[in-house]
Amino acid sequence: MNSLEPTDRRRWAALGALCTSLVVVTIDNTILNTAIPTLARELRATTVDLQWITNAYTLAFAALLITAGGLGARFGHRRILLTGLTLFALGSAFAALSHTSLQLIGWRTVMGAAAALVMPATLSLVVSMFAPHERGRAIGIWSATAGLGIAIGPVAGGVLLEHFSWGSVFWINVPLVAVVIAATVSLVPSAGGMVKGSFDIPGLLLSAGGLALIVDALTQASLRGWSSPITVLEIVSTTALLAGFVWWELRAPAPMTDVRIFTSRVFSISNAILAATFFALFGVLFTYTQYLQFVRGYGPLVAGVGAVPFALVMAAVASSSDRVVGRLGVRSSIAGGLAVMSVGLLVLSIAAGRYAPFGVLAAIMALVGAGMGWSWLRQQLRRCRRLRPSRLRWQVRSTVS
């Protein structure tokens, strides 16, 4: 299948395949949260090992995300998507077979790089398959799916660890990816690359280097200290590399990313909100599941179930937020969602310190999920509707969420 017409009903089935691809890679961001105590015991992993097992995925993902968008624009987004899914399945299988922490860290790095190929490709394909009047709805579904995949990771990890070994949190990816690849080949249209000319190697090195350094600085600062020489050097180097990236992209004959898109206030603010939401999402899920296991003494399954209210409410609110926007408007809706999320996080920090009952904690997590779902989807739709169509493809390639 080479193309899908705007009236072709198969485009919604293709959207389902793309969203499933997204769920597979986003689940892996958080599925290990409930497995960390088991990994520490089975692999005799130190605290530093556990940090790198978690952070290796994020580091590779963040460092290569812009590059992956450029590769998709050059070689075709479906081809890059299938490549990423295949690498993700292989990385998952070898991760499950790891016998040491170092091996697992290495394969988690491969999985993060593969996930970087998948995420921008799915969004680019969604944009290309739907007409402008349906694009906002399709991207809203894509966005809600990304959040849901992250939120249900701890639940899936808890269920698997209750019945199987720790390797099951990786083995589960293999059959899922096989199904997704089959659906992608049969439903998603193929298309050639849009960009010609030489590949932007300087842009690749500058963006990947800068993003890798800032992620490492943020994740390791708790151990090294924010004022340590290494942390300060990484932050300064990040600033220099990313400034060099912007300078080069404005002058490159075939730039990887049109950085001028960030001159759009709507686009820049929306991305800032999305980044803050992701930051809070990863942080609260990681801390919450560890708190339930290490501090409260619950098993992996109960710790995973503790995140269920968060996931369900987040998905429900995101899918019904149009009615709220109709009454309050876009700006008030986004601000209201962020306010609800902030209140929920504040109350959660107080309740956790006072050893609140499990049901109370679950209810507070539902409140946090409501705020995230409310603000997340709305700012995604606002970003897509307000940008001019001629700039939309650059938005897709520049999204660094």
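Student: In this predicted model, is the crossing of H9 and H10 left-handed or right-handed?
Tutor: Helix H9 spans residues 201-224 and helix H10 spans residues 229-249. Their axes come within 8 Å of each other. The crossing of H9 and H10 is left-handed.

Student: How many nonpolar residues does the contact of H9 with H10 have?
Tutor: Sorted by class, this contact has four charged residues and eight polar ones. The number of nonpolar residues in the contact of H9 with H10 is 13.

Student: How are H1 and H4 oriented to each other?
Tutor: The axes of helix H1 (residues 10-30) and helix H4 (residues 77-96) come within 12 Å and cross at roughly 40 degrees. The crossing of H1 and H4 is left-handed. With angles under 35 degrees counting as roughly parallel and 65 to 115 as roughly perpendicular, H1 and H4 are therefore oblique.

Student: Which residues of H4 make the contact with H1?
Tutor: From H1, the contact is made by Leu18, Ser21, Val24, Val25 and Asp28. By class, the contact of H1 with H4 has six nonpolar, one polar and one charged residues. The residues of H4 that make the contact are Leu81, Leu85 and Phe88.

Student: How far apart in space are Leu187 and Leu18?
Tutor: Leu187 lies in helix H8, residues 173-187. In sequence, Leu187 and Leu18 are 169 residues apart. Their separation in space, C-alpha to C-alpha, is 9.6 Å.

Methods
Residues numbered from 1 in each chain as written. Predicted model: local features only at pLDDT ≥ 70, side-chain atom pairs only at ≥ 80, totals over all residues. Heavy atoms only, no water. Axes fitted to C-alpha atoms, helices over the stretch in contact; angles between N-to-C directions. Helix = DSSP H or I, 4+ residues; strand = E, 2+ residues; numbered from the N terminus. Left-handed = near helix turned anticlockwise from the far one by under 90°. Nonpolar A, V, L, I, M, F, W, Y, C, P; charged D, E, K, R; others polar. Parallel < 35°, antiparallel > 145°, perpendicular 65-115°, else oblique. Contact = heavy atoms within 4.5 Å.
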